[in-house]
Amino acid sequence: MPEEKFDLQKVQSYFERCYVGNDDVLIDPYLEAFRELNKFLSVMGTVFGFICNEIKEKVRILESLRHDQSHGAHFESVRKMMDYETSNGLVHKKGYISGCRTMQRLHRGLNFIYEFLKQLSELETADAKTSGVCQAAYNDTLAEFHPWIIRKGAIMAMYSLPTRNELLEKMCDDANATLKLLPEMLHTGRAVYDRTHSLYTNYGLHGLP
């Protein structure tokens with residue numbers, strides 16, 4: 001059975017379902033969006049294999065917290081999760097895997113994916129190389145959180161990335177249709193990112209190790 005390709009429309013739909021209240025984010029559709037986004041990262045091969053694996057693990061952890069019979073309701077949304085973990089001293093508790101810390105890794109990953117797809121959509125020709133925009137997006141987002149050896153390896157691996165349309169055709173069935181959908185998805189994804197970022201700011205959780 002062939003591997004299911006990345007579906008940008010699904011990401012858009014999941015992100016639209018994330019909104020709750022004036023400033024909160026539902027966790028279930030957020031995780032579904034990341035499952036789909038991970039398909040996009042996986043088509044780049046070993047370039048971001050370590051990020052794909054980290055995303056899978058973080059999604060698994062948050063799903064486990066979300067489906068726990070005793071406290072799963074506290075992980076329905078980002079605000080509820082932060083309220084629960086901060087008020088119960090769980091964020092820094094030894095031996096406890098914090099949902100806030102775990103989600104922060106996905107939050108940072110979303111920033112990179114947004115920047116890369118945004119710059120990818122701005123490439124003017126089908127045969128434009130994607131390595132430069134990927135490196136720029138990485139340096140502006142995830143690089144600061146990775147040790148030097150990881151940064152160097154990632155930057156070097158990005159030189160092997162294909163052209164814009166070659167990459168789009170690998171990750172989806174219709175490159176032109178994907179390019180048309182990208183602006184709307186980027187807008188919605190950025191709104192979800194901004195809501196999440198504001199919550200981390202309000203709860204003083206940006207500095208989690």
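Is Cys18 buried or exposed, and what is its relative accessible area? Cys18 is buried, with a relative accessible area of 0%, where buried means under 20%, exposed over 50% and partly exposed in between (1.4 Å probe, protein chains only). The structure is a predicted model, in which local features need pLDDT of at least 70 and side-chain atom pairs count only at pLDDT 80 or more, while totals for chains, interfaces and linings use all residues. Residues are numbered from 1 along each chain as its sequence is written, and side-chain values use heavy atoms, with hydrogens and water left out.

With a disulfide taken as a pair of cysteine sulfur atoms within 2.5 Å, the count comes to zero. Cys18 takes part in no disulfide, and the nearest cysteine sulfur, in Cys100, lies 16 Å away.

On a 1 Å grid over the protein atoms alone, a cavity is a set of points where a 1.4 Å probe fits but cannot get out, and a pocket is an open set with protein on both sides within 12 Å along at least five of seven lines; lining residues have an atom within 4 Å of a point. Grid points are joined across faces, edges and corners, and a volume is the space filled by probe spheres set on the points. Searching the whole structure gives two cavities of 30 Å³ or more.

The largest cavity holds about 70 Å³ of space. Its lining consists of Ile51, Glu54, Ile55, Lys58, Arg105, Leu106, Gly109, Leu142 and His146. Helices here are DSSP runs (H or I, at least four residues), numbered from the N terminus. Helix H3 (49–66) and helix H5 (99–121) each supply at least two of the lining residues, and H3 gives the most, with four. By class, this lining has four nonpolar, two polar and three charged residues, with Ala, Val, Leu, Ile, Met, Phe, Trp, Tyr, Cys and Pro counted as nonpolar, Asp, Glu, Lys and Arg as charged, and the others, Gly among them, as polar.

H3 itself has 18 residues and reaches 26 Å from its first C-alpha to its last, close to the 26 Å expected at 1.5 Å a residue; the expected span is 1.5 Å times one less than the number of residues. Among the buried residues of H3 are Ile51, Ile55 and Lys58. The buried residues of this helix pack against helix H2 (27–42), helix H4 (78–87) and H5.

The second largest cavity has a volume of about 50 Å³. H5 contributes here too, and H5 and helix H9 (175–202) each supply at least two residues of the lining. Residues lining this cavity include Phe15, Leu37, Leu110, Met185 and Arg190. Eight of the lining residues are nonpolar, one is polar and one is charged.

The largest pocket has a volume of about 170 Å³. H5 and H9 are the elements that give two or more residues to its lining, and H5 provides the largest share, four residues. Gln104, His107, Tyr193, His197 and His206 are among the residues that line this pocket. The lining divides into two nonpolar, six polar and three charged residues.

How values were computed: Contact means heavy atoms within 4.5 Å.
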